[in-house]
Amino acid sequence: MSEVRHWVIHHGNAEIGLRIVIALSWFWNIKNTVGEGYAWGERILDMGDHVAPAIRAKALQKVGGRLAVLNGNHQRAKEMLEESVVILRDSGDQVGLAWTLNHLSNVSKVEAHGKEALALFSELGENPGYAWTLNTLGEVARCNEHYGQAKA
């Protein structure tokens, strides 16, 4: 894996690097090598933003919504997800926006992000995203000590 990272960095090919980060984010999660994935993601994202906005937004969502959170860096996760939201609003990717808002709600514990995600998932007929966001909203309510709302 390190050979690939070195090649990407040496050749300055951030887009290939971000595509690899997107593809491997779940792998790093299930193999409990989140620190490696997070470091990869941060390094490649820092190479610059000369990549397709859709690729950058998705990488920010994967690194911020999963790897940074699991690595314990919630503030950085929030920053990444907020940047992704801006890109996705401009691009019109409603599914990506809904998932990113769901992650942002989970990280920031702000209900409004989750409610916007829920509305988007409902409008798009995305049942898995809708269900996931209901769970997120319950967790946000619990963390904000709104126990009756969390139970509902």
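How many residues does helix α3 have, and how far does α3 reach from its first C-alpha to its last? The close-ups below start there, and keep in mind that this is a predicted model.

**View 1. Helix α3, end to end.** Helix α3 covers residues 34–45, so to speak a run of twelve residues, and spans 16 Å from first C-alpha to last. That is close to the 16 Å expected at 1.5 Å a residue.

View 2. Leaving aside residues up to four places away in sequence, Leu 45 touches Leu 18, Arg 56, Ala 59, Leu 60, Val 63 and Met 80.

**View 3. Helix α3 against helix α4.** Here the two helices pack at an angle of about 145°, and their axes are 9 Å apart. The crossing is left-handed. From α3, the contact uses Val 34, Gly 37, Tyr 38, Gly 41 and Leu 45. Helix α4 answers with Arg 56, Ala 59, Leu 60, Val 63, Leu 67, Ala 68 and Leu 70.

**View 4. Helix α4 against helix α5.** Now look at the other pairing of α4, in which α4 and α5 pack at about 155° with their axes 8 Å apart. With that angle, α4 runs roughly antiparallel to α5, because anything over 145 degrees counts as roughly antiparallel. This crossing, too, is left-handed. On the α4 side you'll find Pro 53, Arg 56, Ala 57, Leu 60, Gln 61, Val 63, Gly 64, Gly 65, Ala 68 and Val 69. They meet His 74, Ala 77, Met 80, Leu 81, Glu 83, Ser 84, Ile 87 and Leu 88 of α5.

View 5. His 103 belongs to helix α6. Its relative accessibility is 18%, so His 103 counts as buried, the cut-off being under 20%. Beyond residues up to four places away in sequence, His 103 touches Gln 61, Gly 65 and Leu 81.

**View 6. Leu 137 in helix α8.** Leu 137 lies in α8 and is buried, with a relative accessible area of 14%. Setting aside residues up to four places away in sequence, Leu 137 touches Ser 105, Glu 111, Gly 114, Lys 115 and Leu 118. Met 80 is 57 residues away along the chain, and the C-alpha atoms of Leu 137 and Met 80 are separated by 20 Å.

**View 7. Two loop residues with positive phi.** Lys 109 sits in the loop between α6 and α7, and its phi is near 60°, a positive value in a residue other than glycine. Lys 109 counts as partly exposed, at 26% relative accessibility. Glu 145, in the loop between α8 (127–143) and α9 (147–151), also isn't a glycine, yet has a positive phi of about 60°. Glu 145 is exposed, with a relative accessible area of 57%.

Terms used: Residues numbered from 1 in each chain as written. Predicted model: local features only at pLDDT ≥ 70, side-chain atom pairs only at ≥ 80, totals over all residues. Heavy atoms only, no water. Helix = DSSP H or I, 4+ residues; strand = E, 2+ residues; numbered from the N terminus. Expected span 1.5 Å × (residues − 1). Contact = heavy atoms within 4.5 Å. Buried < 20%, exposed > 50% of the residue type's maximum accessible area, 1.4 Å probe, protein only. Axes fitted to C-alpha atoms, helices over the stretch in contact; angles between N-to-C directions. Parallel < 35°, antiparallel > 145°, perpendicular 65-115°, else oblique. Left-handed = near helix turned anticlockwise from the far one by under 90°.
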